[in-house]
Structure formats: structure tokens, C-alpha cells
Amino acid sequence: MSDVWLPWGKSAKQAGCHPLICHMLDTAAVAERMAPLLLRGRVRSELAATFGGLGDAWGWVVFLCAVHDLGKYSPTFQALNLPLSSARLGPWAIRDLKFVAKPHGVPRRVDTPHGLLTALHLQELLASWGASQRTAIMIAAALGGHHGHFPAGEVVAQARREINAHGERVWAEQRTSMVAGLALLRGLPDPRTLDWAQVDLSVPAAVGLAALTTVSDWIASDTSNFAFAEDEVDLVAYAKAAAVQADAAVDRLKMSPWAPPGGARFEELFGQSPRSVQEVVERVTAGLDGPALVVVEAPTGEGKTKAALQATAALVPRLGLAGSYFGMPTQATSNQMLAVMQGMLTRLGDPTTVSLVHSAAREVLAEPTEVGMDEPGTLDAEAQAWFTRKRNLLSVLGCGTIDQALKGAFRSGHVFVRLAGLANKVVVFDEVHAYDTYMSTLLQRLLMWLGALGVPVVLLSATLPASRRAELIAAWQAGHRGCYLQEIDVPSASEPYPRVTVADAAGVVDHPVEISELNRDRVVHLEQVPDEGVVDWLLEQAAQDRCVAVVHNLVRRATETYAELERRIKELPAEDRPLLLAINGTLPTGARRRVEQELQGFFGEHGMRPRRAIVVGTQAIEQSLDLDFDGLITDLAPIDLVFQRAGRVHRHRRGAERGRLTVAITGVVDTPTGPEFPAYLRTVYAPIVLMRTWAALKDLDRIDSWTTMAQLVEEVYGDQVACPPGWEAEWRRESDRLTVVQHNDREAAAESYLPQPHLVETLSDLTERPRALRTRKSTGRKR
């Protein structure tokens, strides 16, 4: 390559384009290193198939990533620094530059975005090489959208009419010459000699190409990785040096695929014998040769999250993926999952880093710092945001809140990077029964995209209504098969609860699971306690040397209970005072983290329990922490969440010394016309769901098994609970109101989520919300 002929000479200085060529070479070098790390599974295979007919498939993928900044070689961009560009380009360009230069005194930029000009020129160039119109538009949009938003067809057409911005024929010839020279520098043949007509870019391949381009550009734009090129530079030598620098830059990101031990047996990973659900998950995932959706339905305390972690360890090497992402319902469960994953890695002697991905992660872990120069003298805000706050979604092992993954279902800037970050992993979503209509709708659309991208997914739930189970399975299968949801027929479960379900391209298979001894014959005794009796109940329980908790639905109620307990406890003799702790979502991140650790130290699986204690909390106790209490009192909540809370009693061990497994219910007052709930509760939970729950539970004094709990959940959410006499008017009114709220929440989600994968015609559909809908905002409610 030392004697390669270049259209502008070896240094490109005479054409004034050498800084741009150098950045393109940097980007190509990074993309070559990043491609096998970022792109895995179906995305990688479809990209390889797309460009395989051109000979060196990945050579052309990398080449296309490199030309993402082609639009910078235009009057509108070069005129941003008129003195420098005039000196570099020379007399032939000065008139065009001056014509489009920003007038003196205008504070904001007026140039045409260079990504848009990249799309414009590449679209025409690819068409001249013989590519179909669709292929030319798709590739051009994928590269032109590297700043986050894919250019729409009408916007490209408008840019074409702005001839002063792109410079017409003379500048187009310069850009074409630059593309030809870059191909030579990358060791590729003249692209005009190849059969581009056979290239057909699928949506998964386009997502991968766009993501690889953008991430490679961010890394190549970091001046700590690649310094600005000298005025005199031999581009052939520079290309070789860029490869070395790219190696070092990518190595610093620590994105090498996770390599779990061969076989990934549960006992090897965790040093303990698996329970039934863990055995079943281990067996069914060992038999998977392609992507699938695995739904695990089992009681709390059965070890579903460890089963899912074992599944990821088995599927990552088996399917050639990079790692996994665990989407948890809260920050606290994310923090807890981080500890579980780190503990497993420590046991294995595995140095792989686990990234914590949620809005308060900075308070828990140190985050990486800056990155990214783009326009001359400016810091690319998008690049910095991704590499300081959001890069963790690209990390090989991550755990965080589900909302971080759900952002991959929104039409938004750089959504394709989020999708690519998930597409090379096994993705796990925990507590999928606990999401409101808005979030559930987004999850359903995300599952369609994960199915389309060939992503294996594991869903975990203690109590999943049959209708919701069918919706989630249908969403993933529809995406995977490239069809409408209505075309998917999900059969009723063939095995009773608990079970593990595997859905793939071929169909749906259920596998039976046995309940462990801990949860077998588990009898939950129910009590009813009026609001004014909550503090007395807690103190009486604690006086028996028990550790108990109260879960309130509203922070105000939790605060009032805590204050009254604090007053009453101060009146007790010092030796009789129980430990009093509180946790809720309003605590500052640092304080909450300290409380979480304290609670784990006392009431976790291996905690050192105090003699007597009372914990006052909100839903943080319900989902967030793996805690074990002797008894619990809870505000009435939707039935699945009541049972989720009940799972925090005798969670890790049972025995006569712990007394009766008791769950008391408060926060509800019976009246002849129906139950009354605390003020403001309808902003948290739908009243009709609470009414159905209370109708199902109010006459029960015990529940004999988790199977019974699952049946009750199905009755409540399947609207199979009979309306008690006298409740009819309120029952009907709240049922109608729920129908309206759910419709509005679905509409709100539909305004912002991605189109169905198989209906995408232009990539701009992924990053731009419909204009008529942009002003509306949605509010989700608990179901």
C-alpha cells in the first residue's frame, strides 16, 4: 500500500481535506475493532449477508462507517472557520465559502447539518454505483444519522435544493474523489466496479450499521485517543498508525465479550445446589440453539434471578453474544442485582466489570468521565452524554432499572445505539407483573424489537396473569417472525403454576416446576387491622421478640406511622425498645443506599437479626430488597403486589420458632356501598383493581398455597371476581374509569414508541415522533 495512488496526492494537503480524511481513517480503524464487540447475533449475521456479495463484507461495513462525515466537505461546513478553510482549500473554493458564511452578529449556527449533507451525497453516489433506491436511502440515512436523528426524505430533498450549502457539481466531485481515495487507503477495490444492486439493507442491519458508525465516531472524536493530525502527514502511514491507536482506545473501554465457564452449571456459578426452577431453566436453556423468550413464573424466594443469571451464562457463549443486561423494577433491586452478579464473578475469579445503569448510579459507583470532540472547537454533547452517563448500556454486563432498557422502545435520538447495545446480549426483565399500563405497553413494543433483532429474553414474575403472559409472548414472537401481533396465537398454558415457558420461532412449550420445600405448603394467615391499630399491631409483634415490617402505599402514611412509632418507643424501657428503621423513595440517594445496606445486614439471607425490630417502608420493601421478616402489615394494594409483599415474610427459612406466617391488611374501610381507601391513593393504583382485590380477600383468613395465590391473581385481573351486593354503582363507575385510563395510557405510549419492526419503511421513523403528537404527554398509573 506504500505506493498507492490517491486522487489528491499522498498527503491530501493540496485538496485541503487531510484533517477530515484522518478522522475518517480513525473512525474506520475504530469500527474495525468495535464491529465484533458491538455487533453480535442476528444484527451481525444480517450485516455480513448484506455486504457479503461485495467480497470483503466487513471491509465495506467499516468503509461506510468511515464516510459518515463526508458532508463536512461542503461550503456550509467549511465556512464555519472561514480563514482556515480559505487557506486550506485555496482560490477555487473561496467564493462559495464566503457566500454561505454566517453573517456577522448572528449568534447561532446557520449551516446545513453535515450529517444531512452526508446522506444527500451518499444517496446519489450509491445510486450511481447501481444500488437500488431503497438501499441507497437506507445506507445514506444510517450514516447521515450519526448525530442521533435519521434524516427524513423530505429533509434530504430540501437540502438538495439548497445548492449553496452543498456546492453543486464541483464540491460533489471533490467528495466523490474523497470516497474513492478512502476506499484505496482501506485496501478496497473501486466501489464502482462492484454489484451494489444485490445489496439489500434490512432494518436490523441498518440499526447495526448506524450504531457502529456512531459509537466509532465518538471514540475517534476523543482527542485523548486520536490527536489532531499535523499539516504534513503521509496518509498511508497514518492509516497504519490509526489502527494501533484504535486498538488502545477500544481496549480502554473494556468491551471484550464475557466468557463464562464452559457449561455454566448452576452449582459451579453459585456454589449451591439448584432448586427445581433453577434446574428447569438450566435444562431448557442448554437445549436452545437460537434466540428464544423464556418466561419464568414461580413464587418469591425460589431463586428466579439466579436462574436467569445462570441462563445468561449458558446462552452468551452458546449463541455467540457479548453479555447480558438485567432490567430491574427499582434502583434498589438494581443495586442488589449488582452485588449478586459481582459475587458470582468473584467466585469464578472472573475480572469482568458489571456496570450499574440507573439515574443514581453515580452515587453507587464511580462513572467514566469525558469524551468527544466533534465540530471545530465544540464538545459533542450527545457523545459526552453517552460516554459519561449512558455508555454502561453498551457494557458487556449490566444491571439497572427497566426504564433504561425501555428507552430503546422510544422514537428518540440515538435509539439505534440503545437497540444495538441490547442486541448483543441476553436481556432479562424482572417483576414483569408490576408494571403499569403505560410501561407494559412500552415493554411489549420493546419485546417486538428484541425479537426482530434476534435477542434472547428472560422474563421473571411471581404472579403473571394469563392475559399478560400471552401478550408478552406474542410481542416477542411477532417481532421475531416479522408479522402483526394479531397473527400470533399463544396457546393457554399446558402446565400449572409454577412453570417455565419457552417461546421461539417454532412455537411455545411449557415445562413444569416443583415448588421448593421453603414454599411448599406455605400457609399465609390473613388479619384485618384498622388504620388506628397499625402502630399497636407492630409494637405487639415486636414485643414478642419478632422483626416485623409495615408497607404503606403513600409516603405520607409511612411518615405518620414512623413518627407515632418513634414517640411510642421512646416511652418504653430502654431494654424493651425495638430497633426502628424507615425506607422510602423520597430518601436522598446516599441515605437510601445506607438504609438498604443496613436492612440487608439485618434481614438479608445471611443477616445478623436484631432481637426485635420494626421497619416502616413503602413499595421499596415490596420489590426492592431481598428481606425476610417474621410478620408484615400492608396497606391494601393490587392482589399481585399484596402477595409480593407477603413473600417478604419467612422468605429464607421457616420453622416453629418463627411463629405463624401472618400478613395483616390495613388501609381499607368497609362501607355498604364499597370499600373506602386513603386519599390520593387513586394516583398510585386503580380503585377498581383494589376493589376486586378486597372482594377476593376480605372474607379469607388464610391462603393455603402459592397455587391459590396465582388463581386469585388470575381472578382479579381476569375480571372474574363477583361484585359484592351494594357495590354495583361504584364497581361499574370505576371499571369504566379504568377502561378509559388504560386506553389513554396505551395511546400515550403509542405516540412515542417505535413502529413495529416489520412496518419500518424509512429509518427516520425510528428517531422522529409524529409532529401532530409531540405536544401531548402521558402519565402512567399502576394497574
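Predicted model: local features only at pLDDT ≥ 70, side-chain atom pairs only at ≥ 80, totals over all residues.
1. Just after helix H5, Gly 90 takes a positive phi of about 95°.

2. Helix H5 covers residues 82-89, and Ser 85, Ser 86 and Leu 89 are buried in it. Viewed down the helix axis, these buried residues fall within an arc of 100°, so they line one face of H5. An α-helix has 3.6 residues a turn, so residues three or four places apart point the same way. On the other side of H5, Pro 83 and Ala 87 are exposed. The buried residues pack against three helices: H4 (75-78), H6 (91-100) and H11 (168-185).

3. What caps the N-terminal end of H5? The residue is Asn 81, with a side-chain oxygen 3.3 Å from the backbone nitrogen of Leu 84.

4. Within H5, Ser 85 has a relative accessible area of 3%; a residue under 20% counts as buried, so Ser 85 is buried. Setting aside residues up to four places away in sequence, Ser 85 touches Gln 78, Ala 79, Gly 90 and Leu 97. Between the C-alpha atoms of Ser 85 and Ala 141, which are 56 residues apart along the chain, the separation is 27 Å.

5. Helix H3 (residues 57-66) has ten of its ten residues buried, so it is largely enclosed by the rest of the structure. The buried residues include Trp 58, Trp 60, Phe 63 and Cys 65. Among the elements that cover them are helix H1 (18-38), helix H2 (41-52), helix H8 (133-144), H11 and helix H12 (203-220). H11 also packs against the buried residues of H5.

6. His 166 is in helix H10, residues 163-166. Is His 166 buried or exposed? It is buried, with a relative accessible area of 10%. A polar atom of its side chain lies 3.0 Å from the backbone oxygen of Arg 160, and the His 166 side chain also reaches the backbone nitrogen of Glu 168 at 3.2 Å.

7. Ser 334 is found in helix H17 and is buried, with a relative accessible area of 0%. Its side chain reaches the backbone nitrogen of Thr 401 at 3.3 Å. Leaving aside neighbours within four places in sequence, the contacts of Ser 334 are Met 328, Leu 356, His 358, Cys 399, Gly 400 and Thr 401.

8. The largest pocket has a volume of about 1000 Å³. Of the 42 residues that line it, Lys 306, Gln 336, Val 340, Glu 605 and Asp 626 are the closest to its centre. Two or more lining residues come from each of helix H14 (266-270), helix H16 (304-318), helix H17 (331-348) and helix H26 (589-603).

9. Which element gives the largest share of the lining of the largest pocket? H17 does, with twelve residues. By residue type, the lining of this pocket divides into ten nonpolar, 19 polar and 13 charged.

How values were computed
Residues numbered from 1 in each chain as written. Heavy atoms only, no water. 1 Å grid on protein atoms, 1.4 Å probe; cavity = no way out; pocket = protein on both sides within 12 Å on 5 of 7 lines; lining within 4 Å. Points joined across faces, edges and corners; volume = space filled by probe spheres on them. Helix = DSSP H or I, 4+ residues; strand = E, 2+ residues; numbered from the N terminus. Nonpolar A, V, L, I, M, F, W, Y, C, P; charged D, E, K, R; others polar. Buried < 20%, exposed > 50% of the residue type's maximum accessible area, 1.4 Å probe, protein only. Arc of directions from axis to C-beta. Contact = heavy atoms within 4.5 Å. Polar contact = N/O pair within 3.5 Å; in protein donor to acceptor, adjacent residues only side chain to side chain.
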